[in-house]
Amino acid sequence: MRAVRRPEVRLPELTAYDGGELEVEGDYDGLEFADADWAGQSARGARFMDCAVRRCALNETVLGRARFIDSVLSGVRGVGTDLSQASLRDVEVSDARLGGTQLHGAVLERVVVRGGKIDFPNLRQAKLRDVAFEGCVLVEADFAGAQLERVTFDDCTLTRVDFSEARMKDVDLRGAAALDIARGIDRLSGAVISSAQLLDLAPAFAAQIGVRVE
């Protein structure tokens, strides 16, 4: 197993953002967004570089194709946030409380997701490389068709996760506090699980190959 290459985010001295609503394809550099309400706003295609987004509300916020580079997202919350085809590189996400987040087709590289809870994240066809999930709860995460390379889930709770048609390489599931795979048990080639997890998943493995356990 090759180790995850973690981001090393070193933010410069930031300037508080007071520019009003976000802009489509906006360019944001060295800014701090704190306690802002972005509900219903659109920053599709925007670029956030060396930025901090703290405790912002992201209900139905459109960030499709946005790029987050060398940035921190802390305490963000919201339902229906659109991050489809977004790019996150060298990003730290902490204590997020999100539901129904659209990340399909997104690219995550050198990202840490620490703490918080994300319900029903859609990561279909996403590409994850050097991503570390730490101490977070993922409810019905959909990784169908996703590519996962050097991804870890330390002290995480994964409930009803979907790995259908996913492709894995150096994916470490051993640290997961709870691992409940709803679909895609046959796509774990390239992943590592613990012996205890193997016992927990045995019924699903048996069902996959048509073995009846009585």
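Start by selecting V213: at 66% relative accessibility, this residue counts as exposed (exposed means over 50% relative accessible area, buried under 20%, partly exposed in between, with a 1.4 Å probe and protein chains only). V213 is found in the segment after α1 (195–208). Helices here are DSSP runs of H or I with at least four residues, and strands are E runs of at least two, numbered from the N terminus.

A quick word on what you're looking at: this is a predicted model, where local features need pLDDT of at least 70 and side-chain atom pairs count only at pLDDT 80 or more, while totals for chains, interfaces and linings use all residues. Residues are numbered from 1 along each chain as its sequence is written, and side-chain values use heavy atoms, leaving out hydrogens and water.

Next, pick strands β9 (residues 97–99) and β11 (residues 117–119), which pair in the parallel sense over three bridges (strands pair if DSSP finds at least two bridges between them). Where does L98 stand? Look opposite I118 in β11.

Now zoom out to the open sheet of six strands, in the order β7-β9-β11-β13-β15-β17, with parallel pairing. Its edge strands, β7 (77–79) and β17 (178–183), each pair on one side only.

Last stop: the rings. There are eleven aromatic pairs in the structure (rings of Phe, Tyr and Trp, using Trp's six-membered ring, pair if their centres lie within 6.5 Å; planes under 30 degrees apart are stacked, over 60 edge-to-face, the rest tilted). Select F133 and F153, a stacked pair with 4.9 Å centre to centre and 0° between the planes. F153 counts as buried because its relative accessibility is 0%.
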